[in-house]
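Good morning. Please bring up the model on your screens, and we will walk through it together.

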Amino acid sequence: MEDQTLKFQLFGIWFDGTICLMVLLTCLIVFGLVFFFSRNLKLKPSGKQNALEWVIDFSRGIASDNLPSKEVDNFHLLGFTFLVFIFVANMLGLVTKIVFGPNNYTVWKSPTADPLVTMTLAFTVILLTIFFSVKKFGVKGYFVNSYLKPVGFLLPVNILEEFTNILTLGLRLYGNIFAGEVLLGLIAQLAVHNAATFIVAIPLEMVWQAFSMFIGSIQAYVFVTLTMVYMGHKIEVSE
């Protein structure tokens, strides 16, 4: 039977309880990690502080490659936030998947294995690019810079690009993480058949899990890179 997620209703609206719980858990883990690694900061960093600063510098490098130098300070922490959140979200379901009950209710999975989560993240990115562009250029300047340059007849193409950016940003992340979880689940099912399949499945599961974690890391990097690219397009004056 196909896995089902926990559902609950609030004010007449149905919510996916599994995804809500996993998103909340992701936020708590990210907060806990940053809080732990930023405790007792020193001028001469070492250990956990070095690790945190490396991630921040890595995020800053992504921003520096795709944004004007004067804008890097304004957006590198946004990139850091997306990077850490998506990385943790990707890893949760790739480490293990927990199912219980007679109806196979899934209670543990990657939030980013759900298209609503990844599309919401992508939509948030596009809204942020629009917000910061309007803040910098004004409504008229934003419209001209985003849709009428380099030439006005590209207006329909530029408008369509806004929607394709949301789709590609969200579905790329979803597809990779969902596929990784599905294959891990299939290998795990293979392990419970008999001793022979168990012996084959265990190393296969470990190899695919390592590969999936690598892909999850790459997808977090790609998402942040594209976020900075889209932001750069909106806050730079098009020629």
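How many Å does α4 span between its end C-alpha atoms, and what would a straight helix of 33 residues span? This is a predicted model, so keep that in mind for every value I give. A straight helix of 33 residues, at 1.5 Å a residue, would span 48 Å, but α4 spans only 28 Å. Look along the helix and you will find a kink of about 110° in α4, centred on Gly138.

Stay with α4 for a moment. The N-terminal end of this helix is capped by Asp114, which places a side-chain oxygen 2.8 Å from the backbone nitrogen of Leu116. Several residues of α4 are buried, among them Val117, Leu121, Val125, Tyr142 and Tyr147. Leu121 comes up again in the next part.

Now the inside. The largest nonpolar core has 28 residues, and Leu121 is one of those with the most contacts inside it; the others are Leu67, Phe82, Ile86, Leu169 and Phe223. Which helices supply at least two residues each to this core? They are α2, α3, α4, α5 and α6. The helix that gives the most is α6, with 8 residues. Take Leu67 as an example: leaving out residues up to four places away in sequence, Leu67 touches Val72, Phe75, Met228, Met231, Gly232 and Ile235. There is also a second, separate core of 5 residues, including Val30, Phe80, Val84 and Val88.

Next, charges. Side chains of opposite charge can pair when their charged atoms come close. How many salt bridges does the structure hold? The count is 3.

In one of them, the side chains of Asp73 and Arg60 meet, at 2.6 Å from N to O. Asp73 is in helix α3 and Arg60 is in helix α2, so this pair ties together parts that are 13 residues apart in sequence. Arg60 is partly exposed, at a relative accessible area of 30%.

Another joins Lys136 and Glu71, with 3.0 Å from N to O. Lys136 sits in helix α4 and Glu71 in the loop between α2 and α3, 65 residues apart. Are the two partners buried or partly exposed? Lys136 is partly exposed, with a relative accessible area of 38%, whereas Glu71 counts as buried because its relative accessibility is 10%, and the cut-off for buried is under 20%.

The remaining bridge is between Glu162 and Lys234, at 2.2 Å from N to O. Here helix α5 holds Glu162 and helix α6 holds Lys234, and the two are 72 residues apart. Both Glu162 and Lys234 are buried.

His76 lies in helix α3 and counts as buried, at 10% relative accessibility. Apart from residues up to four places away in sequence, His76 touches Ile56, Ser59, Arg60 and Ala63.

What is the relative accessible area of Ser212? The value is 5%, so Ser212 is buried. With residues up to four places away in sequence not counted, Ser212 touches Leu94, Gly180 and Leu184. The C-alpha atoms of Ser212 and Glu181 are separated by 8.2 Å, while the two residues are 31 residues apart along the chain.

Technical notes: Residues are numbered from 1 along each chain as its sequence is written. This is a predicted model: local features need pLDDT of at least 70, side-chain atom pairs count only at pLDDT 80 or more; totals for chains, interfaces and linings use all residues. Side-chain values use heavy atoms; hydrogens and water are left out. A nonpolar core is a set of buried Ala, Val, Leu, Ile, Met, Phe, Trp, Tyr and Cys residues joined through side-chain atoms within 4.5 Å. Buried means under 20% relative accessible area, exposed over 50%, partly exposed in between (1.4 Å probe, protein chains only). Helices (H or I, at least four residues) and strands (E, at least two) are DSSP runs, numbered from the N terminus. Contact means heavy atoms within 4.5 Å. A salt bridge is a side-chain nitrogen of Lys or Arg within 4 Å of a carboxyl oxygen of Asp or Glu. The expected span of a helix is 1.5 Å times one less than its number of residues. The bend at a residue is the angle between axes fitted to the seven residues ending there and the seven starting there. A polar contact is a pair of N or O atoms within 3.5 Å; within protein, one must be able to donate a hydrogen and the other to accept it, and residues adjacent in sequence count only if both atoms are side-chain atoms.
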